[in-house]
Amino acid sequence: MKKKIIILGGGISGIYLGYQLKKAGFSITILEANNRIGGRIYTKKTHDTKVELGATWLWRYNEELLKVCKDLNISLFEQNMHGDALFEATNTDMPQRFQVPKNQEISYRIVGGTLTLLERMTKYFSKDELQLNQKVLQINDDKTSIEVITEKSAFTAAIVISTIPPQLLVNSVSFSSKLDANLIQIANNTHTWMKDAIKFAIVYKTPFWKEKGFSGVGFSNVGPFTEMYEHTNFENNRFAFMGFLHGPLANESKETREEKIRKQLFKFFGEDGINYLSYEEKVWNKEEFTSFENDKFINPHFNNGHSVYQQEFLKGKFIIAGSETSPSYGGYMEGAIYRGNQIVEQLINKF
Ligand SMILES: Cc1cc2nc3c(=O)[nH]c(=O)nc-3n(C[C@H](O)[C@H](O)[C@H](O)COP(=O)(O)OP(=O)(O)OC[C@H]3O[C@@H](n4cnc5c(N)ncnc54)[C@H](O)[C@@H]3O)c2cc1C
């Protein structure tokens, strides 16, 4: 048995690191604060189908992620873009019908939902190896080991790897030995991808838009949704839209947001648009384990993959992972896997 490693966070970075490090013979424990795995991957079950309220798409250039999908026997399908799109330019004009150019980069979805990718890996973990509801509060650094204090327990290991988004990490976890000042400054200015997004999904009984030659793609200058796509499942028997809402609506109530979307859907599709089975949404900047209150504005992707994250901290016992620390595709699922592979190689070479 090789060294004991504790991984903070059970999003794609933490689950992938745990999976690969366990395969390499390390003893692992993943501590996840939430009552679910996935982090910014959130596949929600609703009305006998699943909708993505977090990460949805991957692309052909996501080489490392696609390799993981292949190894885990994950199937992909194309995001449907066939048919005409609608564009709402102003509040007073009706949406204009237009054709999306054909040569656009294809986006792919995961059959069964994005979470399937993580579930394929977690089935190899025992209850002790993956622990939910374990919010990490403090890291105590000793000469030979490192201790992680959660709300409920204490854990000791040789190495701790954090996958908590860097800005959240330095603002929510305490350290007995001070972290490097440069690291704190960079982390405080590292953007967490999509942390201000509001996603919604609407499930319908029938794909009424297809009969009228629409793709389900909608764009709007005025909102509440700014962009929307068809979100029908791979089997093509559960029909839905999924999209993004205008950021400032985060401060409204769920009921107000839904009411505003109903009006917009009526404008786009008439009665059919408002005859839905369910409305789901996720306001990511209210998610305690992704963002924190009053965090300042940072430009998208700023400091993602900064070279400071390549260093080891607390005398080699603390490593910072997570998509935002990846030098390649930082902020995306591909980045999470790329950085995970870097760390696995580093630890295998070291021990
Ligand atoms: C709305 C939205 C849409 C997106 N769309 C796409 C897309 O289409 N394609 C794409 O490639 N990427 C997309 N992304 C980005 C993608 O989701 C992320 O790159 C990826 O999921 C990040 O994974 P991660 O494990 O590095 O971080 P996270 O998923 O943020 O995981 C960090 C984990 O740490 C946990 N945690 C936080 N604090 C603590 C604590 N104190 N103690 C213990 N655990 C803690 C969190 O609960 C979380 O589970 C999207 C993200 C969002 C929000």
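Predicted model: local features only at pLDDT ≥ 70, side-chain atom pairs only at ≥ 80, totals over all residues.
On the contact itself, domain 1 puts in 23 residues and domain 2 puts in 25 residues.

How much area is buried between domain 1 and domain 2? The figure is about 2,100 Å², with carbon and sulfur atoms giving 63% of that area. On the domain 1 side, Leu117, Met333 and Glu334 lose the most area to domain 2, and together they make up 26% of what that side buries.

As for polar links, 13 residue pairs are in polar contact between domain 1 and domain 2, counting pairs with both residues at pLDDT 80 or more. Three helices, α1 (12-23), α3 (115-122) and α9 (333-350), each bring at least two residues to the side of domain 1 that touches domain 2. Sort that side by class and you get 14 nonpolar, 4 polar and 5 charged residues. The rule turns up 1 salt bridge across this interface. In the model, Glu288 and Lys135 pair their side chains in a salt bridge, at 2.9 Å from N to O.

**Two residues up close**

Here are some computed distances for named pairs, including one for each of the two residues.

| Pair | What is given | Distance |
|---|---|---|
| Thr29 and Lys4 | polar contact between side chains | 2.5 Å |
| Glu288 and Lys135 | salt bridge, N to O | 2.9 Å |
| Gly223 and Ala89 | C-alpha separation | 9.7 Å |

Start with Thr29, which belongs to strand β2 (residues 27-31). Is Thr29 buried or exposed? Thr29 counts as buried because its relative accessibility is 5%, and the cut-off for buried is under 20%. Leaving aside residues up to four places away in sequence, Thr29 touches Lys4, Ile5, Ile6, Ile7, Asp128, Glu129, Gln131 and Phe155. With Lys4, the side chains also make a polar contact at 2.5 Å.

Now for Gly223, which turns up in the loop between β16 (214-220) and β17 (225-230). Ala89 is 134 residues from Gly223 along the chain, and the C-alpha atoms of the two are separated by 9.7 Å.

Methods. Residues numbered from 1 in each chain as written. Heavy atoms only, no water. Helix = DSSP H or I, 4+ residues; strand = E, 2+ residues; numbered from the N terminus. Buried < 20%, exposed > 50% of the residue type's maximum accessible area, 1.4 Å probe, protein only. Polar contact = N/O pair within 3.5 Å; in protein donor to acceptor, adjacent residues only side chain to side chain. Contact = heavy atoms within 4.5 Å. Buried area = accessible area lost by both parts, 1.4 Å probe. Salt bridge = Lys/Arg side-chain N within 4 Å of Asp/Glu carboxyl O. Nonpolar A, V, L, I, M, F, W, Y, C, P; charged D, E, K, R; others polar.
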